[in-house]
Amino acid sequence: MFHPNLLSKKIQQSLMIGGVCLASLIGCSQPAQEKSATQGNDKAPATTTATDSKSVAITAIVEHPALDDVRAGVLEQLATDGYKEGENLKVTFQSAQGNTATAGQIAKQFVADNPDVIVAIATPSAQSVVSATNSIPVVFSAVTDPVEAKLIPSWEASNTNVSGASDLLPLEPQIELMKKIVPSVKNVGYVYSPGEVNSTVVLKQLEEKLKPMGINVIPAPAQRSTDIPQATRSLQGKVDLIYTSLDNNVVSAYEALYQAAKEIKVPLMASDTGSVARGAVAALGVNYKTLGQETGKIVTRVLKGEKVGSIKPATQQKLDLVISPKHAQEVGITLSDALVKEATTVEPTPTTSK
């Protein structure tokens, strides 16, 4: 005869064992169901939608206002297109801090992470990423001449894993602006990093365009950002104006260049409109937030299933003219009323100038 308590305990044990077995059966069957739902599905869509979770890795050679605007523009456009960071989009960002060796390390790490798209901002970072992969889609931005940088074979769709948006500027309007700032200009200084393809391409183009006009280009190479003030001062008494392209070392140290130019009383003209707030007298260039948005549109197309190699690289057609009459006064020149009226934006004196 069973004791009642003993019988109760046996019933409880039997129920517990049965529950475990049932849970085990359910747990074991779930992966098989998931597997059948994701494999061998002939009806799966060929393209993705903005609700699918995606990953984008972004790298820049250095952080400065122009390149920061590019990155912000990319993320804004992706959000507009339905890819929102923290919801259905994972974003990884790393800056190489101006070091090309670090850019190479970042590229290798990103390739190992295997994101859906790698966005490479500025030529050195783009070159590092393109060298590291021929399969993961790469979208470059803020690259002046992607053909010269050997990122793509031509300005047409590459049929490779690379496309992007260039900040290439026509030099003729730049030269016209030089003449409007200093009508008697005969010698133009050019502070640049000799190791950056963007900068050497612009130097060559400047020399070719200005020589027939009787205007000399005097290069002032600065290998590192710390060399920029000395390179600028070396132009004292030799030039009427200093022109700067989107050289990443130069732009990242623009305040130092501005102080040196102010000391030697030579006006600065930039191709990066953000540099006017940091000391340039004038700049005629692309809006880098807009450039980032154009880059983001390409990224969206890739995330939705389009082959990156079928997308033609984008260029910016609209240029903004930004001027600073006060910076002009600091170096002893006055901008004409006509030039002031042409400006898209007239900058006040920046907080960094004293």
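This is a predicted model: local features need pLDDT of at least 70, side-chain atom pairs count only at pLDDT 80 or more; totals for chains, interfaces and linings use all residues.
For these notes, a contact means heavy atoms within 4.5 Å.

**Entry: Gln 77**

I began with Gln 77 and looked up where it sits: helix α2, residues 65-80. Is Gln 77 buried or exposed? Its relative accessibility is 12%, and buried means under 20%, so I put Gln 77 down as buried. Next I asked which residues Gln 77 touches, leaving out those up to four places away in sequence. I found Gln 293, Gly 296 and Lys 297.

**Entry: aromatic rings**

How many aromatic pairs are there? I count 2, taking rings to pair if their centres lie within 6.5 Å. Tyr 190 and Tyr 192 make one of them, a stacked pair with 5.3 Å from centre to centre and 25° between the planes. I checked the burial of these two, and both Tyr 190 and Tyr 192 are buried. Tyr 190 also pairs with Tyr 243, again stacked, at 6.4 Å centre to centre and with 20° between the planes. This pair links distant parts of the chain, as Tyr 190 belongs to strand β6 (residues 187-192) and Tyr 243 to strand β8 (residues 241-244), 53 residues apart. I noted Tyr 243 as buried, like Tyr 190. Put together, the ring pairs join Tyr 190, Tyr 192 and Tyr 243 into a cluster.

**Entry: a charge and a ring**

Last, I looked up Arg 71. What does its charged end sit over? I found the ring of Phe 93 there, with the charged end of Arg 71 at 3.7 Å from the ring centre.

Notes. Residues are numbered from 1 along each chain as its sequence is written. Side-chain values use heavy atoms; hydrogens and water are left out. Helices (H or I, at least four residues) and strands (E, at least two) are DSSP runs, numbered from the N terminus. Buried means under 20% relative accessible area, exposed over 50%, partly exposed in between (1.4 Å probe, protein chains only). Rings of Phe, Tyr and Trp (its six-membered ring) pair if their centres lie within 6.5 Å; planes under 30 degrees apart count as stacked, over 60 as edge-to-face and the rest as tilted. A charge sits over a ring if NZ of Lys or CZ of Arg is within 6 Å of the ring centre and within 35 degrees of the ring normal.
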